[in-house]
Amino acid sequence: MSLLEVEDLAIHFGGVKAVDGVSFSVEKGEVFAIIGPNGAGKSTIFNLISRIYQSTLGRIQFDGQDITASRAHDIAGLGIARTFQNIELFDHSTVLDNLLMGRHTHRRTNFVQDILFLPKVRREERQHRRRVEQVIEFLELEAYRKKMIAGLPYGVRKVVEIGRALATGPKLILLDEPASGLSVEETRDVAFWIEDMRRDMGLTVLMVEHDMSLVNQVSDRVMAVANGRTLAMGTPAEVQAHPDVMAAYLGTGAAA
Amino acid sequence: MRVVFKTSYDRDIDLHEHGRSRARIAVLLAIMIVLPFLVGDYYLAEATNTLIWALAGMGLMVAVGHTGQVSLGHAAFLAIGAYADSALMNTGLPFLVSFPLAGLVTGLFGALIAVPAVRMSGIYLAIATLAVFVIVEELVIMLEPITGGVGGIMAPSISILGLTFDRYAALDHFYWLCLAVVALVTWGYANLMRSPTGRSFLAVRDSEVSARALGINVTRTRALAFGLSSGVTGLAGALMGHYIGFFNYELFSIFISINLLLVVTIGGLGFIQGAFLGAILITAVPQLIAILRDNLVAVGVDLSGVPGLDTMIFSLILICFIIYEPTGLYGRWLKIRTWFEVFPLARRDMFRRQKSYLKTERMK
């Protein structure tokens with residue numbers, strides 16, 4: 001059984017059919033990429049899976065559970081973490097605190113215990129810190145631990161956001177354009193990290209990406225979307241050779 | 001520049017990174033404790049007032065500084081705290097019971113209001129809280145049997161274990177009582193901010209959408225923050241009632257709400273220390289103006305006939321802060337400290353990047 005199953009997913013904003021009947025399934029341990037021109041509905045699909053948007057039609061199943069009607073803040077607890085296209089970090093906190101916020105679903109103390117800072121809270125904090133340090137080591141963020149997000153360069157923020165998603169301890173990680181705005185070297189790092197997430201951490205990765213070199217390098221399967229509909233699905237090479245995909249990107253071909 | 005060598009995660013979890021800052025707090029607390037032996041009644045009363053304002057400021061700071069919810073209605077929570085405490089004491093409950101209960105009642109009331117109100121943000125939330133304030137003010141006038149209506153009531157005299165804490169009969173005792181409450185609340189507040197709950201407050205403030213994606217229930221978190229905020233403000237209100245002695249609804253005017261916002265904004269949004277610095281400023285400035293006035297009379301300039309001088313100076317201070325130092329007094333202090341720490345390597349543009357506004361300060 002697939003880890004994530006999306007069936008006939010659709011969302012309409014008034015007359016705009018941003019996503020219009022998309023179906024796909026992501027297998028456990030797979031790297032699945034969604035590509036498509038701007039406005040194709042890629043990020044909308046992400047927002048539907050993380051339940052920020054309410055779908056008009058269709059069904060989303062994760063790990064054998066129907067999450068079509070779940071609330072947005074329950075998604076992380078199930079094991080889905082995500083990053084955002086336009087970095088959504090907590091700007092006035094340090095990198096360390098941002099990563100610790102990623103541990104929210106694992107908190108076992110309530111606010112009264114927190115205010116009194118009982119020994120249990122300290123024990124939990126140590127535990128969270130240990131997990132966060134693993135992420136810091138993995139993403140080589142050691143130098144930035146105590147730096148404020150507001151003062152960090154774009155590339156580092158992008159990595160911190162991936163780190164925050166990893167800190168939640170997810171089964172499935174949604175990466176929304178992880179390489180946008182990154183240099184060639186940084187993009188290569190991201191490619192290695194995605195490989196490691198899959199191989200060493202056993203994560204399943206679903207990503208939206210424009211950088212075809214990254215997509216080709218890491219993804220097992222690719223789905224191309226345009227105007228809210230699936231154009232093609234298959235290996236990166238198959239999808240890129242598909243006439244409809246070429247038409248959507250280049251505006252020529254298929255119709256002619 | 002001091003670099004702390006850390007050998008365990010506990011160093012980051014502790015309230016203080018190094019012994020020196022722990023010692024500094026201890027010295028400050030010691031001075032505060034012996035203050036009644038050092039200064040006369042007039043200044044001791046002023047210090048008590050400042051403590052109460054700092055407490056109320058901390059209350060508002062939870063909402064405005066740490067969760068990004070602007071409130072213009074906190075005077076209402078001061079009022080609820082004050083009246084609840086007096087009413088409970090009048091039923092025969094001792095202060096040790098009525099005081100926490102007053103805070104609890106106010107906190108629950110705040111959380112109750114928050115459930116519908118937290119769906120709003122920015123200027124809309126400010127207006128909603130203003131409406132709550134107006135409602136509470138009317139209620140206070142209408143509930144005459146409890147609140148004394150327009151006439152007002154006398155706050156009962158506090159006595160704990162046979163010891164009197166009356167503000168007039170034993171000001172030093174009352175001062176210590178306030179100090180103890182403020183110290184306890186500050187400790188709890190600092191604990192909160194280093195715990196998961198505090199982090200979820202900051203998360204909600206800085207990015208609602210990613211807070212949700214991380215599993216934080218935004219509505220509940222905001223309601224909790226608003227409840228805690230109004231609870232602490234309620235405690236401050238109870239103390240304020242005892243401090244004033246005889247009070248009616250006019251004590252808790254809209255200007256108190258605005259002054260509280262001044263406390264947190266000028267003090268420094270997002271810093272517990274900011275509430276204290278702001279409270280010192282707000283309580284000291286009127287005194288300084290009064291002293292200035294007297295001295296000017298001595299040299300032949302009479303300003304006693306100029307109405308609204310205090311308000312004008314207040315407003316000027318606020319405007320200057322918002323333009324030149326949005327991080328407030330505490331932010332300025334951090335910069336001064338850094339300047340000395342890295343001396344002589346400070347650069348003019350060192351803080352340029354940090355001049356980004358909190359969501360609270362922006363209009364959404």
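Strand S9 covers residues 221-226 and is joined to S10(A) by five bridges, the two strands running antiparallel. Helices (H or I, at least four residues) and strands (E, at least two) are DSSP runs numbered from the N terminus, and two strands pair if DSSP finds at least two bridges between them. The model is predicted, so that local features need pLDDT of at least 70 and side-chain atom pairs count only at pLDDT 80 or more, while totals for chains, interfaces and linings use all residues. Residues are numbered from 1 along each chain as its sequence is written, and chains are lettered from A and ligands numbered from 1 in the order in which they are written.

S9 and S10 belong to an open sheet of six strands in chain A, with the order S6-S7-S8-S3-S9-S10 and mixed pairing. Its edge strands are S6 (80-82) and S10 (229-234), each of which pairs on one side only. From one strand to the next the twist averages 20°. Helix H1 of chain A (residues 42-49) packs on this sheet and touches S3 (31-35), S6, S7 (172-176), S8 (204-208) and S9. Contact between two residues requires that their C-beta atoms, placed from the backbone, lie within 7 Å. The direction of H1(A) makes about 145° with that of S7(A); axes are lines fitted to C-alpha atoms, for helices over the stretch in contact, and angles run from 0 to 180 degrees between N-to-C directions.

A further open sheet in chain A consists of four strands in the order S2-S1-S4-S5, with antiparallel pairing. S2 and S5 (65-66) of chain A stand at the edges with a single partner strand each, so one side of each is left without a neighbour in the sheet. H1(A) packs on this sheet as well, touching S1, S2 and S4 of chain A, and its direction makes about 70° with that of S2(A). Strand S1 (residues 4-13) and strand S2 (residues 16-26) of chain A pair in the antiparallel sense over eight bridges, with A:Ala10 having A:Asp20 in S2(A) as its bridge partner. The two strands form a hairpin with two residues between them, and A:Gly14 in the turn has a positive phi of about 60°. S1(A) is also joined by five bridges to S4 (residues 57-62) of chain A, again antiparallel. Along this pairing, A:Val6 stands opposite A:Ile60 and A:Leu4 has A:Phe62 as its bridge partner.

The domain assignment of chain A, which is automatic or taken from a database, gives domain 1 (1-79 + 172-256) and domain 2 (89-169). The centres of the two domains, taken over C-alpha atoms, are separated by 27 Å. Their contact takes 10 residues from domain 1 and eight residues from domain 2. On the side of domain 1 that touches domain 2, H2, S7 and helix H7 (184-199) of chain A each supply at least two residues. The residues of that side divide into six nonpolar, three polar and one charged. Here Ala, Val, Leu, Ile, Met, Phe, Trp, Tyr, Cys and Pro count as nonpolar, Asp, Glu, Lys and Arg as charged, and the others, Gly among them, as polar.

The contact between chains A and B takes 35 residues from chain A and 29 residues from chain B. On the side of chain A, helices H2 (72-78), H3 (95-101), H4 (111-116) and H5 (119-138) each supply at least two residues. H5(A) gives the most to this side, with five residues. By class, the side of chain A that touches chain B has 14 nonpolar, 11 polar and 10 charged residues.

In chain B, the axes of helix H2 (residues 19-38) and helix H8 (residues 171-193) come within 8 Å and cross at roughly 160°. That makes H2(B) roughly antiparallel to H8(B), angles under 35 degrees counting as roughly parallel, over 145 as roughly antiparallel, 65 to 115 as roughly perpendicular and the rest as oblique. B:Leu29, B:Met32, B:Ile33 and B:Pro36 in H2(B) meet B:Asp172, B:Tyr175, B:Leu179 and B:Ala183 in H8(B). This contact has seven nonpolar, no polar and one charged residues.

Helix H12 (residues 254-267) and helix H13 (residues 272-298) of chain B pack at an angle of about 120°, with their axes 7 Å apart. That makes H12(B) oblique to H13(B).
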